[in-house]
Amino acid sequence: MMESWFLADINTLREYYGDGFQENVLRGNPEVEKILKADVYLRLKKATKATKPGEYHKTKHAPALLAAIDVSLVRAAAPNCDRMFRIIMSGLAEN
């Protein structure tokens with residue numbers, strides 16, 4: 001799930017949400033794909049509740065976060081994401 005990728009780049013989350021962002025809520029398992037889906041959502045909502053953009057919302061916040069996250073950090077913390085990138089890149093190289 002893409003929200004788990006956000007946990008790999010807390011710096012971008014901090015920049016996006018600004019004051020009130022509670023990054024300590026997000027710290028934990030560095031293997032972000034192993035965090036349960038419900039826990040990822042709960043952590044994101046808690047960490048962002050007191051921010052100006054407001055509590056994490058998939059359709060309001062995710063597009064900007066996806067565009068901003070550091071792909072190298074995400075690929076290092078999320079093997080399935082890395083695999084997806086490798087497959088896409090190999091397909092592009094064949095064309």
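Reader: What makes Tyr16, Tyr17 and Phe21 one aromatic cluster?

Author: In this predicted model, two ring pairs share Tyr17: Tyr16 with Tyr17, and Tyr17 with Phe21. Rings pair if their centres lie within 6.5 Å; the centres are 4.8 Å apart for Tyr16 and Tyr17 and 6.0 Å apart for Tyr17 and Phe21. Tyr16, Tyr17 and Phe21 therefore form one cluster. A search of the whole structure finds three aromatic pairs.

Reader: Why is the pair of Tyr16 and Tyr17 called edge-to-face?

Author: The planes of Tyr16 and Tyr17 stand at 80°. An angle over 60 degrees counts as edge-to-face, so the name applies.

Reader: Why is the pair of Tyr17 and Phe21 called stacked?

Author: There are 10° between the planes of Tyr17 and Phe21. Planes under 30 degrees apart count as stacked, so this pair is stacked.

Reader: Is Tyr17 buried or exposed, and how do you know?

Author: Tyr17 has a relative accessible area of 2%. Buried means under 20%, so Tyr17 is buried. Phe21 is buried as well. Tyr16, at 28%, falls between 20% and 50% and therefore counts as partly exposed.

Reader: What makes the pairing of Glu3 with Lys58 a salt bridge?

Author: The closest N and O atoms of Glu3 and Lys58 are 2.9 Å apart. The limit for a side-chain nitrogen of Lys and a carboxyl oxygen of Glu is 4 Å, so the pair qualifies. The side chains of Glu3 and Lys58 are also joined by a polar contact of 2.9 Å, for which the atoms must lie within 3.5 Å. By the salt-bridge rule, the count comes to seven.

Reader: Which parts does the pair of Glu3 and Lys58 tie together?

Author: Glu3 lies in helix α1 and Lys58 in helix α4 (residues 58-68), so the parts tied together are 55 residues apart in sequence. Glu3 has 1% relative accessibility and counts as buried, whereas Lys58, at 38%, counts as partly exposed. Beyond its neighbours within four places in sequence, Glu3 is in contact with residues including Val40, Tyr41 and Leu44.

Reader: How do you know that Glu55 and Lys45 meet in a salt bridge?

Author: The N to O distance between the side chains of Glu55 and Lys45 is 3.4 Å. This is within 4 Å, so the pair counts as a salt bridge. Glu55 lies in the loop between α3 (37-48) and α4, and Lys45 in helix α3, so the pair ties together parts 10 residues apart in sequence.

Terms used. Residues numbered from 1 in each chain as written. Predicted model: local features only at pLDDT ≥ 70, side-chain atom pairs only at ≥ 80, totals over all residues. Heavy atoms only, no water. Buried < 20%, exposed > 50% of the residue type's maximum accessible area, 1.4 Å probe, protein only. Polar contact = N/O pair within 3.5 Å; in protein donor to acceptor, adjacent residues only side chain to side chain. Contact = heavy atoms within 4.5 Å. Helix = DSSP H or I, 4+ residues; strand = E, 2+ residues; numbered from the N terminus.
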